[in-house]
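Subject: Structure handover

Hello,

Here is the structure I said I would pass on. Please open it next to this message; my notes follow below.

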Amino acid sequence: MDSGATQGDGRDTGRELGGFLRARRARVTPEHVGLPGGTRRRVRGLRREELAQLAGISVDYYVRLEQGRATQPSPEVLDALARALTLDTAERTHLTTLAGAERGPAPEARVSPLLRRVLDAVADGFPAFATDHRLDVVAWNALGAELLGGLADPARRDRNNARYVFLDPASRDVHPDWTDRAAEAVGQLRVAAGRYPDDAELDALIAELMLRSAEFRRIWDSGEVVMCASGSKRLRHPRTGILTLDFESLHVPAAPGEPGLVVHVFGAEEGTEEAAALADLATSPNS
């Protein structure tokens with residue numbers, strides 16, 4: 001398909017694919033992929049012809065991809081581009097999503113009574129909350145609400161994680177590694193925007209953040225892509241100080257084959273100072 005494609009809201013999907021390729025191309029240095037560098041280069045990262053050569057496709061075809069005039073590259077071309085751009089798993093998945101022909105509106109992800117009971121059941125030492133693809137916090141337990149900046153009080157804490165991170169100065173106190181959390185939020189919104197181009201609420205959120213936050217604009221322009229995983233994060237509470245906690249991201253599908261809610265569960269190994277701090281918060285929160 002050699003003409004730009006649009007979705008129902010008029011969003012140019014070819015342009016989004018091209019923008020992602022440009023951002024990733026600018027990130028890869030010639031030396032990183034075995035090409036000569038030099039000091040007289042006028043572009044940041046790889047030239048178009050260099051990337052086309054690495055991927056084994058014609059320069060003309062690659063130019064049409066970046067310009068949004070070729071919008072459905074084959075799986076073989078996508079794989080070659082992913083290798084040439086040294087994309088990680090999340091970025092490869094996003095590239096494939098952007099190149100897909102079938103993308104519709106986001107399915108409605110509901111918080112079931114069972115999920116609410118599960119969140120409450122794990123509250124003993126395990127802060128937890130659930131987000132949708134727009135990063136709206138849609139459910140939580142008491143310990144999660146307390147640890148994540150007072151989720152239970154809407155006057156104290158915006159319940160959209162992206163808006164909270166970029167527009168509320170208090171988020172920098174809660175998140176000692178604020179830069180990482182900011183990149184994470186942008187990367188997750190980019191994944192959602194690629195998968196659900198007809199989501200007007202998501203578009204409005206991204207437009208608001210682009211308008212109100214220079215940091216959001218900078219990270220968005222970098223083409224950051226992040227998918228929820230597991231690991232450790234640092235959180236600061238006014239009573240316990242900084243806690244380094246393990247976390248897992250548990251996915252609750254909205255429909256077969258469709259992402260839905262993500263349940264974020266935090267914890268600490270039994271017998272550690274962090275575990276004792278969580279137990280203390282659980283017994284007397286909001287103090």
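A residue is called buried under 20% relative accessible area, exposed over 50%, and partly exposed in between, with a 1.4 Å probe and protein chains only. Helices (H or I, at least four residues) and strands (E, at least two) are DSSP runs, numbered from the N terminus.

Two notes on the source. This is a predicted model, in which local features need pLDDT of at least 70 and side-chain atom pairs count only at pLDDT 80 or more, while totals for chains, interfaces and linings use all residues. Residues are numbered from 1 along each chain as its sequence is written, and side-chain values use heavy atoms, with hydrogens and water left out.

Overview
The chain holds 13 helices and 5 strands. It has 287 residues, and 46% of them count as buried. Contact means heavy atoms within 4.5 Å. Take the contacts between residues at least 6 apart in sequence: 57% of these join residues at least 24 apart.

Helix α10
This helix covers residues 178–195. Of its 18 residues, 15 are buried, so α10 is largely enclosed by the rest of the structure. The expected span of a helix is 1.5 Å times one less than its number of residues. For α10 that gives 26 Å, and the end C-alpha atoms are 26 Å apart, which agrees.

Helices α4 and α5
α4 (residues 75–84) packs against α5 (residues 89–99) at about 145°, and the axes lie 10 Å apart. Axes here are lines fitted to C-alpha atoms, for helices over the stretch in contact; angles run from 0 to 180 degrees between N-to-C directions. On the α4 side, the contact uses L78, D79, A82 and R83. On the α5 side are R92, L95, T96 and A99. By class, that contact has 4 nonpolar, 1 polar and 3 charged residues. The classes: Ala, Val, Leu, Ile, Met, Phe, Trp, Tyr, Cys and Pro are nonpolar; Asp, Glu, Lys and Arg are charged; the others, Gly among them, are polar.

The sheet
The 5 strands form an open, antiparallel sheet in the order β2-β1-β5-β4-β3. Two strands pair if DSSP finds at least two bridges between them. β2 (137–140) and β3 (230–237) stand at the edges with a single partner strand each, so one side of each has no neighbour in the sheet. The twist from one strand to the next averages 30°. Helix α13 (residues 273–283) packs on the sheet and touches β3, β4 and β5; its direction makes about 80° with that of β4.

Now the pairings. β3 and β4 run antiparallel, joined by 8 bridges. A hairpin of 3 residues links them. β4 (residues 241–252) also pairs with β5 (residues 261–267), antiparallel, over 7 bridges. E248 in β4 stands opposite S230, and its bridge partner in β5 is V265. F247 has F266 as its bridge partner in β5.

V33
Where is V33 placed? V33 sits in the loop between α1 (13–27) and α2 (48–55). At 22% relative accessibility, V33 counts as partly exposed. Leaving out residues up to four places away in sequence, V33 touches V28, L46, L54 and A84. E50 is 17 residues from V33 in sequence, and their C-alpha atoms are 10.0 Å apart.

Best wishes
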